Amino acid sequence: MVNGKRHVAGSPFSNAVDTGTIPTAMIDRIEVITGGASAIYGSDAVAGVINVILKDNYEGFEARYSHASDLEDVGTQNSAFSILAGATSQDGRGNVTFFAEKSSISEVLKPNLQQSQFIGTVNNPDDGGEDDGIPDKFRVPNVGSEMINAFGVLNPFSGNPRITFTPDGTGITQVERNRTNSFAFGNFDEAYDTVFFPDRYENYIPAQDTLTLASTYRYDLTDNIRFYGDMKYVDKDIEQQFQPSFRFGNIAINATDNPYLDDATRQQLFDAGQTGEVSMARFFDDIGNRSAANDRRLYRIVSGFKGYFTLSDTDFDYDTYYTYGETSNVRRTLNDLIPTNLDAAIDSVIDPETGEAACRSQVASAQGDDYEDPAAVNGGDCVPFNPFGFGNASAEAYDFISGDVTREDQLTQEMYGATVSFDTAEFVTLPGGPIGFALGYEHRKEDVRTTTDEFTKAGFYTGAATPDSSGDMM
């Protein structure tokens, strides 16, 4: 009898749910079928089929451990521990093989790389036109933006004094670029802390933790009937960092009323004629990066009966099977902004009754006749937010202006079918041999569902409102 096969390409038995990798320790051999012989797998396999054939006759026990790390303090750490065990019944009719592996990959950010120098392009001042043979741009280190950072930048785009802040919230003059890349980016003579460099937030390798469990089993009920199957479970957690939430110039600071603005900076704005709202740009690093945490789980089982029977002098090979697979992915984007709540929290004043900073929405005497509370979520709980410097707001203020986006995707697939094949050797033999026939039936049902949290569905975060969605197919 033929060993159990996992068909992974161009096959009517392929499973769209099976997104996890096949453990290499479970692979017995790889079978490649090309040309006309692959047509038996269906019209999508005319170019060929790759069959990954899993072990179903393994006996023994193996344990493996591997670890790798770099020698240059980059932070690369990869490790894996696995076991493979198998046993065959005394009569040789049955076998069970089991595999388990725990692996991890450590996170590496781009700034940790030796070659990381915030490389980018700038306009070439010697460029005279498209046909002069001189490059339009050239690559230089330290390409970033002085218009935004984690401390706050006032007047990011205008000709008024561009002011940034020290971590404690003291206003200072922002540095200027040497050469220009675009409206927002340019080159600087060093990697200033007050300049935004995209690579500071980007993963070179995301953190990954994976648990894989897999098993194959088979038992020969008779000499020509075999019960077989395989199971797999994969639990994979991936954490990826990307830029924190930000507002690029669409923060309004009231230069006259804001209680957190230091006196020297306030006077500098007044001297420039800015006594009302001043534009501000800021990354919210102090809330935390918008980490993308993906918790993926895959479960899959395949089971069936296969063998042969004889009618007259013709042998019929058959295979009946059932497959169920389920993949779920919980995606959490941490530390996203609630822009309307941020607007309410930044628009703060001194409450005359307490002498303390408070949201304007909570101080009736500071509101005009046409004032409307901008907060879309729990506006009555507004907590004033200090946007100057780094980490100078209260924990309650951070909670009021931010939240975590949660989205859950679930894909299930159920499938059953049967195949039978035979040839005409008993009745008709052509010069090239007997005619082969293969018949099959398969039924699939797939179901897809995406569920998001209530805030995301309502459009409270920086992204577009995302409704729940679902669909199925048979």
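Two residues are in contact when their heavy atoms lie within 4.5 Å. Keep that in mind as we walk through this structure, which is a predicted model.

Let's start with Tyr 204, which sits in strand S16. Leaving out residues up to four places away in sequence, Tyr 204 touches Val 108, Leu 109, Lys 110 and Leu 113. Glu 107 belongs to that stretch of the story too: Tyr 204 and Glu 107 are 97 residues apart along the chain, yet 7.7 Å separates their C-alpha atoms.

Next, the helices. In helix H1, which covers residues 263–271, the buried residues are Thr 265, Arg 266 and Leu 269. Looking down the axis of H1, you would find these buried residues within an arc of 100°, so they line one face of the helix. What lies over them? The cover of the buried residues of H1 includes strands S11, S12, S13 and S20. Turned away from that buried side are the exposed residues Asp 263, Ala 264 and Asp 271. After H1 comes Gly 273, with a positive phi near 85°.

The buried ones are Pro 339, Asn 341, Leu 342, Ala 344, Ala 345 and Ile 346. Among the elements covering them are strands S19, S22, S23 and S24, along with helix H3.

Now let's turn to charges. Side chains of opposite charge can pair when their charged atoms come close. How many salt bridges does the structure hold? There are 17 salt bridges. One of them joins the side chains of Asp 230 and Arg 300, with 3.5 Å from N to O. Asp 230 belongs to strand S18 and Arg 300 to strand S21, so this pair ties together parts that are 70 residues apart in sequence. Are these two residues buried or exposed? Both Asp 230 and Arg 300 are buried.

Another salt bridge links the side chains of Asp 286 and Arg 282, at 2.9 Å from N to O, and these two residues are buried as well. For a pair in another setting, look at Glu 442 and Arg 444, whose closest N and O atoms are 3.0 Å apart in their salt bridge. Glu 442 has a relative accessibility of 27%, so it counts as partly exposed. Arg 444 is also partly exposed, with a relative accessible area of 24%. Salt bridges can share partners too: in this way Glu 146, Arg 162 and Arg 177 are joined into one network.

Asp 295 is buried because its relative accessible area is 17%, and buried means under 20%. Beyond its neighbours within four places in sequence, Asp 295 is in contact with Lys 236, Asp 237, Ser 328, Asn 329, Val 330 and Arg 332.

Thr 450, in strand S28, is buried too, at 15% relative accessibility. The side chains of Thr 450 and Asp 409 are joined by a polar contact of 2.9 Å. Apart from neighbours within four places, the contacts of Thr 450 include Arg 407, Glu 408, Asp 468 and Ser 469.

Finally, let's visit the surface. Phe 427, Val 428, Leu 430, Ile 435 and Phe 437 make a nonpolar patch of about 470 Å². One of these residues, Ile 435, lies in the loop between strands S27 and S28. Ile 435 is partly exposed, with a relative accessible area of 33%.

Note on methods. Residues numbered from 1 in each chain as written. Predicted model: local features only at pLDDT ≥ 70, side-chain atom pairs only at ≥ 80, totals over all residues. Heavy atoms only, no water. Patch = residues over 30% accessible without salt bridge, like charges linked within 9 Å, V, L, I, M, F, W, Y side chains within 5 Å. Areas by Shrake-Rupley, 256 points an atom, 1.4 Å probe, with all protein chains shown as cover. Salt bridge = Lys/Arg side-chain N within 4 Å of Asp/Glu carboxyl O. Helix = DSSP H or I, 4+ residues; strand = E, 2+ residues; numbered from the N terminus. Buried < 20%, exposed > 50% of the residue type's maximum accessible area, 1.4 Å probe, protein only. Arc of directions from axis to C-beta. Polar contact = N/O pair within 3.5 Å; in protein donor to acceptor, adjacent residues only side chain to side chain.
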